[in-house]
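Colleague: I have a structure to go through with you. Please show it, and then I will ask how you know what you say.

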Amino acid sequence: MEAPCPSARLTVDLDAVAANWRHFARRAPAGAAIKADGYGLGAAAIARRLAAEGCRDFFVATWAEAAALPAGIGVHVLHGVLPHEVAWAAASPHTPVLNSPDQVALWRAAAPGRPCDLMVDTGINRLGLAPADLPRGLSVDILMSHLACADTPQHPMNAVQRDAFAAIDIPARRRSLAASAGALIGPSYGFDLVRPGLALYGGTPIAAGPTFQPVVSIAARVLQIRRVAAGESCGYGATWTASRASSLAIVNLGYADGYLRGFSNRGHAVIGGVRCPAVGRISMDLAAFDITDAAPPGDWLDIGFVLPQAAAASGLSQYELLTTLGHRFDRRYAAVAEARAA
Ligand SMILES: *Cc1c(COP(=O)(O)O)cnc(C)c1O
């Protein structure tokens with residue numbers, strides 16, 4: 001007897017992640033942002049695959065994320081280090097990105113001589129040391145900064161931040177400024193290391209810029225096919241009314257899986273290349289798609305989840321879409337093309 005398994009499938013194409021990473025690594029030394037569990041897709045599997053490609057610099061947000069990674073993967077911890085975690089950090093193989101004079105003092109005292117990274121704030125005013133507060137006498141691996149407006153290459157703040165960063169004169173093994181979007185603005189943003197995240201996972205960092213191989217596909221089990229007459233509605237709030245006799249596929253997928261209500265009447269599924277619109281409100285565990293114009297579906301329905309289009313349809317950012325994909329899926333690692341054909 002088979003144990004029950006989830007009726008929604010999330011397929012992550014690690015070959016596509018690797019190909020997207022090579023797009024950056026061919027142009028400049030590249031690390032990888034794998035915070036938030038690899039943008040929701042599984043940091044351990046992604047780190048293992050990219051390490052095999054030659055990636056040596058991984059970025060997470062917190063020590064809890066660092067602790068969850070397989071042994072042998074060394075990471076840079078973007079939030080730096082706080083008093084309650086400094087002992088663990090100092091004994092770990094990982095490197096904190098120090099963001100404030102307090103963090104610098106803490107690291108000096110707890111791990112004298114141990115390498116660290118420094119985040120310098122050049123205008124985003126989020127985390128980071130002011131240029132005037134940059135410490136001397138530490139063993140600095142990466143001196144980094146972060147761009148505020150990189151997804152808009154023409155924004156004047158990009159060059160201002162780049163030039164401010166280039167003017168900083170403290171010893172460091174390497175310098176790093178750019179995430180996915182910054183790395184695509186131009187070679188003068190690359191410095192010694194780029195830190196892509198979104199693009200590795202199939203996102204489009206700059207609307208008019210290059211696109212990357214899709215990494216995520218979602219399939220949901222068809223629970224029922226419903227015929228509705230013209231004039232009947234579907235779902236909570238009766239937000240959709242059939243304009244003709246229609247066939248609806250009711251599938252096991254909802255906002256509890258991260259298929260959020262923004263897709264109500266805006267998302268779509270795909271059957272044999274035919275777009276099947278989401279109809280009615282997305283529920284916690286159920287969604288409905290109008291399959292009237294498509295061939296009858298098999299057991300599984302492929303949910304159209306091409307990131308930039310899904311972002312435009314749902315009103316959510318590509319980052320939010322990835323990181324809210326829930327943990328109720330049967331998560332598999334395979335080629336997206338195979339998953340869509342299955
Ligand atoms: C998240 C993050 C990145 C990666 O950003 P993407 O836009 O996903 O490429 C790089 N650097 C820092 C400091 C980050 O917080």
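Modeller: Start with the ligand: one of its oxygen atoms is 2.6 Å from an N or O atom in the side chain of Tyr 319. This is a predicted model, where local features need pLDDT of at least 70, side-chain atom pairs count only at pLDDT 80 or more, and totals for chains, interfaces and linings use all residues. Residues are numbered from 1 along each chain as its sequence is written, and side-chain values use heavy atoms, without hydrogens and water.

Colleague: How many aromatic pairs does a search of the whole structure find?

Modeller: It finds eight.

Colleague: Why is the pair of Tyr 39 and Tyr 201 called tilted?

Modeller: Rings of Phe, Tyr and Trp (its six-membered ring) pair if their centres lie within 6.5 Å. Planes under 30 degrees apart are stacked, over 60 edge-to-face, and the rest tilted. Here the centres are 4.7 Å apart and the planes at 35°, so the pair is tilted.

Colleague: Which residues are closest to the ligand?

Modeller: Lys 35, Tyr 39, Ser 180, Leu 198 and Tyr 319.

Conventions:
Near = heavy atom within 4 Å. Polar contact = N/O pair within 3.5 Å; in protein donor to acceptor, adjacent residues only side chain to side chain.
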